[in-house]
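Hi,

Here is the structure I promised to pass on to you. Could you have a look at it alongside my notes?

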Amino acid sequence: MRYVSTRANSPSVTASRAIELGLAPDGGLYIPEHWPPPLVDLARSPDLGEYPDFANRVLQPFFSEDPLQLDLAKICARAFSFPLPLKMLDPSTALLELFHGPTSAFKDFGARFLALCTQAIPSIATSPGSRTPLVLVATSGDTGGAVAAAFRECTTILVVVLYPDQRISQRQEKQLTTWGPQVLAIAVQGSFDDCQRLVKEAMMSEAWKNKFNLLSANSINLARLLPQMTYFAYASTQYFQLRNRRAGFIVPSGNLGNAVAALWAQRLGFPIAHVVLAHNANRPVVDYFASGKWQPHASLSTLANAMDVGNPSNFERLSALGQFAHIRTLASAQTIDDQTICKTIVRVKHDFGEVICPHTAAAFAARQNQSTGDWIIVATAHPSKFEQTVEKLIGEQIAIPAGLQAILNQSSASIQISPTLIELQAAVAKGSGTFL
Ligand SMILES: *Cc1c(COP(=O)(O)O)cnc(C)c1O
């Protein structure tokens, strides 16, 4: 399998090379050059088996003729070592909980897979005397923590996490700032879009490229997207076996990584009827589905902060799925405001006894707007990461998962900068002093 750029102006590359490069040289995102034939046997097999084995079988064709193929089974077994429950809520609604990993958000799937792939690519991890491998990542809340936790054992790799100062929850911030000098946390005085822009500028800068082997850990990286495809494949097949009907997915969406992964799983022939993208008040994707026009804008702060994205980078992968008219048959989008998010958190606790995070609440609200069909609501984070919003609404304390508690007990440190490449450069030089 080879991968091409969404901008069609770069040579095709192997999976390993796409993972190492992050962004294609023409500024586009890597997508499969062709789609493997539908995985019909897997989608119809009566016994799904354990999730890591299933994921390995889905991913095999995407790593054909790549050195990582040999390690793939082991990587899946190590990366996906936590539960993936699918709960029936009513006869036509299920809840897929993706937050049982170490940092309590779905990003653990992609981040852990990426870290293990990165370590297994010889040109990155084990080339002594060459440029320091540096993972540069912008986070709207949850990516940074998942990436930091996933890379903490990769001691030859430096990790720099950029997050919008004051715009993430205290517990999210804690997950970014407790890892010592190998993982630098940088609070950018600006929005997530500023963080994402700085990462792109650094990636394009000759000075940075000379000093570091720059690696991207955002959902532009192929190794984040591919593993996310596998849980949509697994859950849709599981639902089909249970109900004998194809369900659609309702995906809390921001940068569009998870939604594109759902559409890739559908493309592979898994029983996915439709994909609804549940956005917060940031509405460029919603407007696109209404008008066919793409007009990104500055991001707005909402209660579902991991979805505060005004210019989602995976839009290029969404639009690469075909003509606008075709994309509209596969997916649709909704915008859910903060007030509805709050009401939904209260309603879902009352109706189903489930305590949900603000992102998941956007998906529940979008479910209520569907009059027909079977739906799997995707729960993207554990509510205890957003206790300041959720506990007030439900009037009780939320128990903290053990992994999150361990992180909260550690001491933390971060560096504040204004959103310029020069300040970022100074912060990295200073902050990583003990490492370089
Ligand atoms: C990142 C994140 C999202 C948005 O996912 P995208 O892949 O960026 O669209 C939604 N919910 C939570 C909790 C997240 O951390």
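Predicted model: local features only at pLDDT ≥ 70, side-chain atom pairs only at ≥ 80, totals over all residues.

Residues are numbered from 1 along each chain as its sequence is written, and side-chain values use heavy atoms, with hydrogens and water left out.

**Overall fold**

The protein chain has 20 helices and 13 strands; these are DSSP runs numbered from the N terminus, with helices being H or I of at least four residues and strands E of at least two. Its radius of gyration is 20 Å, close to the 22 Å that the globule rule gives for 436 residues, so the chain is as compact as a globular protein of that length. (The radius is taken over C-alpha atoms, and the rule is 2.2 Å times the number of residues to the power 0.38.) Along the principal axes, the C-alpha atoms fill a box of roughly 60 × 50 × 40 Å.

Of the 436 residues, 60% count as buried, meaning under 20% relative accessible area, with exposed being over 50% and partly exposed in between (1.4 Å probe, protein chains only). Among contacts (heavy atoms within 4.5 Å) between residues at least 6 apart in sequence, 74% join residues at least 24 apart.

**Cavities**

How many cavities of 30 Å³ or more does a search of the whole structure find? There are four. A cavity here is a set of points, on a 1 Å grid over the protein atoms alone, where a 1.4 Å probe fits but cannot get out; lining residues have an atom within 4 Å of a point. Grid points are joined across faces, edges and corners, and a volume is the space filled by probe spheres set on the points.

The largest cavity holds about 260 Å³ of space. Its lining has 26 residues, with Phe 106, Lys 107, Gly 254, Asn 255 and Ala 306 nearest the centre. By class, the lining has 10 nonpolar, 13 polar and three charged residues. (Ala, Val, Leu, Ile, Met, Phe, Trp, Tyr, Cys and Pro count as nonpolar, Asp, Glu, Lys and Arg as charged, and the others, Gly among them, as polar.) Helix H11 (222-243), strand S9 (247-252) and helix H12 (257-267) each supply at least two lining residues, and H12 gives the most, with three.

The second largest cavity holds about 70 Å³. Among the residues that line it are Leu 23, Met 203, Asn 218 and Ser 313, and helix H9 (residues 192-204) gives the most to this lining, with four residues.

Trp 264 and Gln 266 are among the buried ones. Just after H12, Gly 269 takes a positive phi of about 95°.

In helix H13 (residues 284-291), the buried residues include Pro 284, Tyr 288 and Phe 289. Their cover includes strands S10 (272-279) and S11 (331-335), as well as helices H14 (315-319) and H15 (324-330). Gly 292 follows H13, with a positive phi near 80°.

Helix H18 (residues 387-394) buries Glu 387 and Glu 391, among others. The buried residues of H18 pack against helices H8 (170-176), H16 (338-352) and H17 (358-368).

Best wishes

Technical notes. 1 Å grid on protein atoms, 1.4 Å probe; cavity = no way out; pocket = protein on both sides within 12 Å on 5 of 7 lines; lining within 4 Å.
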